[in-house]
Amino acid sequence: MWKVEELFFSGDAFFENVLAEIQQARRTVKVEVYMYEPGELADRFTEALCASAHRGVQTELIVDGVGSPQFSRVYGDRLLAAGVQCRIYHPLPWDPWAGRALQRPWVVRTLYLISRLNRRNHRKLFLIDRKIAFVGSQNISDWHLESVKGRAAWRDTGVRIEGRPMVWLIAAFQIVWDGFSRSKRWRGLVRLGRKNSRKGHSSVEVNQPWPRRKKNVRRLTHHIRHARARAWITTPYFAPSRDLIRALIFAAGRGIDVALLLPAHSDVVFMPWVAREFYVKLLKKGVRIFEYQPSVLHAKTVLIDDWARVGSSNLNHRSWIHDLELNVILEKKLSLDQLEASFKMDLAVSQELTLGTLRDAPFLARIAGRIFFLFRYFL
């Protein structure tokens, strides 16, 4: 269990705390994000990371090639000049830094990167001095800041944590930094994590290597199927597996309060259309479904009885099969109470769907949903 758990339901508060810890860092700063998008927040982070490196702090940054296509052009050279070590996870073949990622002939390098185009790093992790971590759904993007975007700002959830399981977060970052081919190093990190965190390794969910992905999915479906009172799930991208659908229906059939909070508006326009392809079956079996109305819902949380998960994972095939994800498990009563209160507040500004609501959906949206549904493996 974590020694400290502090939840954030505002991107402004989350990033104010992250930046404050970076400014006070004395040994290491490690940042891993999907999006590093040009804007006010990215400018502030770039300044903070450069200042950290100037103080002699070991500063490392991993961004994703698809999520951060402008990173190398806008911020890369400035960060490198300041002493920040930067890496792009599976850069696009035409990215200026693609050659730095793979020292191979350009033809071989291009084919290699294209073959990995669908495998992305979707994590959001901020590690400071190997003792403080921030995990959640927030990217380095102005869309997470109400102070910049106003009411259009995305709805996110993040958490600040400290404690023994931190070694697993450090290991997860390091294995991506070093590269997956170093399997011996990964096994060593796993042994180190078990030694230092005792049973605390259950407080962290990483989906590397492959067997761990299956373990995480089985854990989630197990909790849903064995829920005693509630299974409340918030996710922005909903394209579930058959096992998850069966688990939700099974729990609802036992009289459990199964509620899904999903977006009415998404940054990926067609995802709500795809999600609606699953609604009829779930609604008929007693699963409650709500669509969040005020803005884009981007939070990724699960609250099942006295077990909760916060992180970057969605309930879609991308998270289960393709992307790197990171979640933390929260069990403190205060954290559970805060997640419960937040979920209820979100429901108050959401629309509960019924079978009648679905019949009233625009015809073109229903057709588009069925078309994109055929490609759910990649969504």
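Reader: Where is the place of E60, and is E60 buried or exposed?

Author: Helices and strands are DSSP runs numbered from the N terminus, a helix (H or I) having at least four residues and a strand (E) at least two. In this predicted model, E60 sits in strand β3, which covers residues 58-64. Buried means under 20% relative accessible area, exposed means over 50%, and partly exposed is in between, with a 1.4 Å probe and protein chains only. E60 has 3% relative accessibility and therefore counts as buried.

Reader: Before we go on, how should I take the numbering and the values?

Author: Residues are numbered from 1 along each chain as its sequence is written, and side-chain values use heavy atoms, with hydrogens and water left out. Because this is a predicted model, local features need pLDDT of at least 70 and side-chain atom pairs count only at pLDDT 80 or more, while totals for chains, interfaces and linings use all residues.

Reader: Which residues is E60 in contact with, leaving aside its neighbours within four places in sequence?

Author: Contact means heavy atoms within 4.5 Å. With those neighbours within four places left aside, E60 is in contact with V29, K30, V31, Q85, F173 and W177.

Reader: Where does Q138 lie, and what does Q138 touch?

Author: A loop residue can be read in the same way as one in a strand. Q138 belongs to the loop between β6 (132-136) and α6 (146-149), and its relative accessibility of 0% is why it counts as buried. Not counting residues up to four places away in sequence, Q138 touches F8, F14, F15, K124, F126, H144, D156, T157 and G158. The C-alpha atoms of Q138 and G158 are separated by 7.0 Å, although the two are 20 residues apart along the chain.

Reader: How do α2 and α3 pack?

Author: Axes are lines fitted to C-alpha atoms, for helices over the stretch in contact, and the angles between N-to-C directions run from 0 to 180 degrees. Helix α2 (residues 40-54) packs with helix α3 (residues 71-82) at an angle of about 20°, their axes being 8 Å apart. Angles under 35 degrees count as roughly parallel, over 145 as roughly antiparallel, 65 to 115 as roughly perpendicular and the rest as oblique. The two helices α2 and α3 are therefore roughly parallel to each other. From α2, the residues A42, D43, T46, E47, L49, C50, A53 and H54 meet Y75, R78, L79 and A82 of α3.

Reader: How many residues has the largest nonpolar core, and which helix gives the most to this core?

Author: A nonpolar core is a set of buried Ala, Val, Leu, Ile, Met, Phe, Trp, Tyr and Cys residues joined through side-chain atoms within 4.5 Å. The largest one here has 39 residues, and I161, L169 and L330 are those with the most contacts inside it. Helix α7 (residues 166-178) gives the most to this core, contributing ten residues. Another core, of 35 residues, lies apart from it, and A48, A53, A82 and I140 are among its members.

Reader: Which residues other than glycine have a positive phi?

Author: H90 is one of them, with a positive phi of about 45°, and it lies in the loop between β4 (85-89) and α4 (98-101). D129, with phi near 55°, is another, and D129 lies in the loop between β5 (125-128) and β6. H90 is buried, with a relative accessible area of 13%, and D129 is buried as well, with 12%.
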